[in-house]
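This report is meant for a reader who is meeting the structure for the first time.

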Amino acid sequence: MASISHAITTTTNPYLPHLTPTRSRTLRFFHSSSSPLPPAKKAGVSAKLTARSSSSAAVDFSDPDWKTKFQQDFEARFRLPHITETFPDVAPIPSTFCLKMRTPINNDLPGHYISDEEWHGYINNNDRVLLKTIYYSSPTSAGAECIDPNCTWVEQWVHRAGPREKIYFKPEEVKAAIVTCGGLCPGLNDVIRQIVITLEIYGVKKIVGIPFGYRGFSDQELTEVPLSRKVVQNIHLSGGSLLGVSRGGPGVSAIVDSLEERGINMLFVLGGNGTHAGANAVHNECRKRRLKVSVIGVPKTIDNDILLMDKTFGFDTAVEEAQRAINSAYIEAHSAYHGIGIVKLMGRSSGYIAMQASLSSGQVDICLIPEVPFNLHGPHGVLNHLKYLLEMKGSAVVCVAEGAGQDLLQKTNATDASGNTVFGDIGVYIQQETKKYFKEIGVHADVKYIDPTYMIRACRANASDGILCTVLGQNAVHGAFAGYSGITVGLCNTHYAYFPIPEVISHPRLVDPNSRMWHRCLTSTGQPDFI
């Protein structure tokens, strides 16, 4: 494998919701992986309808035992990889994580470990978190995600995150490494800090940071960054990443070679879909080589586009900081004669930031996201609605996600170091087309354009993200000591859970155009369909 970019190419989902116009009433059936299935016809839905899962197993709904088989398949797919699968003779030891004492390793006791059986702060390995909590009585309910045509309720459970009573690594033998990949995101330093602090509570003394993403494993000019509580104590007070970030990097084999040479047996990878795909490839290569290495992911994507999770860290901060840009655009537009403010926010495939920021601000008249197609021109286009807004209220504010309307722009074959397609600038395009349109119809329009992307990315995490980052960092360490590998940790229905990496990276999580949240946004903006 020549480059990590080969390993981080995610599977394309052929049935993305953005291919369907907003407010469509097609019936959609979802498997547990949240991967949409082909739309079914409203009339005459066959009892033989099958649902496809990420494991390519078919569910025959005419089988009276389909529900049991579905749950068994789900449980198998969400089983967490464990080092005992490769090393069956590894014996667990009592956990050194106990908040009743602060000196986890005691050389005066047999085995050197203190076991406090009276502390009831451990998670049982059989604890589970319910993945879905809404019972939809009909496939036509707003936001319905149905497994079968009758929307049968099927319980889907995932593994609860947290410290286990038995661990599979001796802290004095652990050398842990942390790497931050992709772009900047509020909260990176918070996660780094909490991983280090939790590792030290377990008794780990050797903790290092790999500088500038996966690149740090191969670039001879980049050296490990020694980490300790003293080093990371106050890094959460500023944005960015103590370790630096970058995209791309060496091949998976070279990364694992580096892990072996450095003696690293715990690797914590902070990144998005692509980074997690790379982490999963590293995990698989370690198993192939029979290396006792735990690879744990922490989902970092400001776009909030990781499957199965309530939200990812950095998202809340991004929505909050976006308010400044939207408010500035509103003031500029409201203060000018026929003023129009255009704000472009992050969101390559998913429009969560634009949607939530628009809903929060109450100042946005038009919200455009990648999942919902739109026309600029024509009687039902965005520009015609802007003309209406100027006539009715004298000003307008547009919020657009960076991945929206890419079908309107000239396509390029360029990709970045992570293998992502380089998008055209939809914000600038809308600005130019707006000016051109109003000039052609002879109406004065004062158009202002704001792109706060890099200002938002560099922010310090707000209080909400700070809490999320803290718990994610702690649970990542708990997962590693519990012997898991090839997993990631996330918030699921307000509880923290572990997921096998492949289940969360098959495709980006998208805004459902028929969801209640998107309907709330439309209610707030008052915008029509632009098709």
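How many disulfides does the count come to? In this predicted model, the count comes to 1 disulfide. The bond in question joins C146 to C151, with a distance of 1.7 Å from S to S, and C146 and C151 are both buried. C399, by contrast, is in no disulfide, since the nearest cysteine sulfur, which belongs to C367, lies 5.1 Å away and a disulfide requires the two sulfur atoms to be within 2.5 Å.

**The chain as a whole**

The protein chain contains 13 helices and 17 strands, and 56% of its 531 residues count as buried. When contacts between residues at least 6 apart in sequence are considered, 76% of them join residues that are at least 24 apart.

| Helix pair | Angle | Axis distance |
|---|---|---|
| α3 (residues 188-202) and α12 (residues 463-481) | about 40° | 8 Å |
| α8 (residues 352-361) and α13 (residues 516-525) | roughly 45° | within 9 Å |

How are α3 and α12 placed relative to each other? Their axes make an angle of about 40°, and α3 and α12 are therefore oblique to each other. In passing α12, α3 makes a right-handed crossing. On the side of α3, the residues that take part are D190, V191, Q194, I195, T198, L199 and Y202, and in α12 they meet G466, C469, T470, G473, Q474, V477, H478 and F481. Sorted by kind, the residues of this contact of α3 with α12 comprise 7 nonpolar, 7 polar and 1 charged.

For the other pair, the axes of α8 and α13 cross at roughly 45°, so that α8 and α13 are likewise oblique to each other. Is the crossing of α8 and α13 left-handed or right-handed? The crossing of these two helices is left-handed. From α8, the contact draws on M355, Q356, S358 and L359, while α13 contributes M517, W518, R520, C521 and S524. The residues of the contact of α8 with α13 divide into 5 nonpolar, 3 polar and 1 charged.

**Two loop residues with positive phi**

As background, most residues other than glycine have a negative phi. Against that background, R290 has a phi near 55°, which is a positive value in a residue other than glycine. R290 is found in the loop that runs between helix α6 (273-288) and strand β11 (294-299). T494 also has a positive phi without being a glycine, with a value near 70°. Where is the place of T494? T494 sits in the loop between two strands, β16 (487-492) and β17 (495-500). Because its relative accessible area is 62%, T494 is exposed, the cut-off for that class being over 50%.

Key. Residues are numbered from 1 along each chain as its sequence is written. This is a predicted model: local features need pLDDT of at least 70, side-chain atom pairs count only at pLDDT 80 or more; totals for chains, interfaces and linings use all residues. Side-chain values use heavy atoms; hydrogens and water are left out. Axes are lines fitted to C-alpha atoms, for helices over the stretch in contact, and angles run from 0 to 180 degrees between N-to-C directions. Helices (H or I, at least four residues) and strands (E, at least two) are DSSP runs, numbered from the N terminus. Angles under 35 degrees count as roughly parallel, over 145 as roughly antiparallel, 65 to 115 as roughly perpendicular and the rest as oblique. A crossing is left-handed if the near helix is turned anticlockwise from the far one by less than a right angle, and right-handed if clockwise. Contact means heavy atoms within 4.5 Å. Ala, Val, Leu, Ile, Met, Phe, Trp, Tyr, Cys and Pro count as nonpolar, Asp, Glu, Lys and Arg as charged, and the others, Gly among them, as polar. Buried means under 20% relative accessible area, exposed over 50%, partly exposed in between (1.4 Å probe, protein chains only).
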